[in-house]
Amino acid sequence: MSMVKVSPWPLRKLPAVITLAPLTDDAQFLARKLGTTAARLDVARAGYRIGVLYTGSMPEETRAKMGAHYTPPALCERLLDMATGAGVDWLRAKVLDPACGGGAFLSPLARRMATALEGCGAETVLRSIERRLSGNELDPFAAWLSEVFLDAAIADVCRAAGRRLNSVVRVCDTLEQFPGMNRYDLVVGNPPYRRVTLPAKQRERFGRSLFGHANLYGLFTDMALRYARSDGVIAYVTPTSFLSGEYFKALRGLLASQAPPVGIDFIAERKGVFDDVLQETLLATYRRGREPAAARVHCVAQDPSGSIRIVRAGSFELPERPEEPWLIPRSARQRDLLGRVSRLRYRLADYGYTVSTGPLVWNRHKESLRDEPAEGRYPLIWAESVRSGGVFEFRAEKRNHKPYFEPTAREQWVVTSNPCVLLQRTTAKEQSRRLIAAELPGSFIEAHGAVVVENHLNMIKPLNKTPPVSPAILTALLNSTTVDQVFRCINGSVAVSAYELQALPLPCPNEINRLERLTAQGARRDEFDRAVERLYRGTGG
């Protein structure tokens, strides 16, 4: 196990804006213990552990506001390898991390630059790094940490040069900066993630990449496009939600037109990679001025030891309308399937359906929930009523769930009397099925007059009384293994949104008669699944 290299100079002075509180004897003992333990690790692992400790000690509200999450060293190195593959030359590249945190990327960047300059004098190496490496950081203490770990990362070069590295980190809000003539060969990092409400001027400035709600990582992606040279590379760690969410459709279109993707690595596990982050995440590289072409796709799994395993998942091409959800394989099995699927032009609208979210947000209407049926009350359909295997079972057994709703005169808009297909709106990739659908029987509506559908269900509603595909067959199709796999290649979050369902590629509606015959004959589930797979693969019935 390598030790952190000792700098011949004392720690850098803390910025004047930081005031340190006095520590108790116990806290001082713990701090010394932590420092001694960190010193036994290599610089990258020590910096990561201290960064995680720092963010973990923040008040929860402060941490959420900053969206601060530190990147494990192995993933940093993988992203920099991807940047190399995208064309970054470490001998010459000018690099910016616009949200550098505690220096998770700055330290390995400096080491790569120093390695590329091996054989040059130490002073030459330091000057080159100072000229080509930059970081921005909003938090003054995190910015100080970045410089401390940079000192440790290239301590041997500094010792040989007889001086320490001049400051390369600027304390500022990147979103308030204007690049001017400053352009970079690589913009890299793990920008903060959280939804934000923008002031009018910022919303106008970032309008080209916004649709509805703004998220910090989307804004930092827009900024990266502004900072990157005309042939520069962007390498980011972000949530996967931008791949399909409606709020990111303008950003997808902007990336496709200015910096198409070169490679995407999906991080296999949601838990245990980024502290307290349950969103799915990915590593991605983009290159400005690149003609849209097939981008490489891998899956990355991190071992308990911190090392990673990389598995090829195939490649993908942007859709004709790149603002639409991007269809990307997450495994070799999906790669084989998507070759045909990406060319399918049929959607739910071609089947005669539209999608909307269940209208009732129950906790805004608690006063109208009821335990018993009565005149003027309607069954309240919760997500738990939609069971696996396409079964609808009216139930309200979970905490706070009540089976009936009595709308006031102002709440009549939540009542529906039309049959539809119900589909659960929140599922996780770890579940055996992401799409869980059941037909809301017309007989049930007729028996009760109407129903109220809760917000955790999607309602897939016929556009008229005789859609080309029946609700029963559509339900079975959505519950099939193949359609579930196709949806996983679109979706980037735990939400199963109406927007994504409307973009889901489907077989030609004229070919569905084979499925209807199988259903009429009482075919087994596996036989039905094979028939759906043949339709998607274009091998007929």
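The model is predicted, so local features need pLDDT of at least 70 and side-chain atom pairs pLDDT 80 or more, while totals for chains, interfaces and linings use all residues. Residues are numbered from 1 along each chain as its sequence is written, and side-chain values use heavy atoms, leaving out hydrogens and water.

**Salt bridges**

- Counting a side-chain nitrogen of Lys or Arg within 4 Å of a carboxyl oxygen of Asp or Glu, there are 31 salt bridges.
- Asp 231 pairs with Arg 287 at 4.0 Å, N to O.
- Asp 231 sits in strand β7 (residues 228-239) and Arg 287 in strand β9 (residues 281-287), so this pair ties together parts 56 residues apart in sequence; strands are DSSP runs of E, at least two residues, and helices runs of H or I, at least four.
- Arg 287 is partly exposed too, at 22% relative accessibility.
- Lys 402 meets Asp 371 at 3.7 Å, N to O; Lys 402 is partly exposed at 30%, as is Asp 371 at 48%.
- Glu 384, Arg 387, Glu 393, Arg 395 and Glu 397 form a salt-bridge network.

**Helix packing**

- The axes (lines fitted to C-alpha atoms over the stretch in contact, with angles from 0 to 180 degrees between N-to-C directions) of α10 (residues 216-227) and α11 (residues 249-258) come within 11 Å and cross at roughly 20 degrees.
- The two helices, α10 and α11, are therefore roughly parallel (angles under 35 degrees).

Technical notes:
Parallel < 35°, antiparallel > 145°, perpendicular 65-115°, else oblique. Buried < 20%, exposed > 50% of the residue type's maximum accessible area, 1.4 Å probe, protein only.
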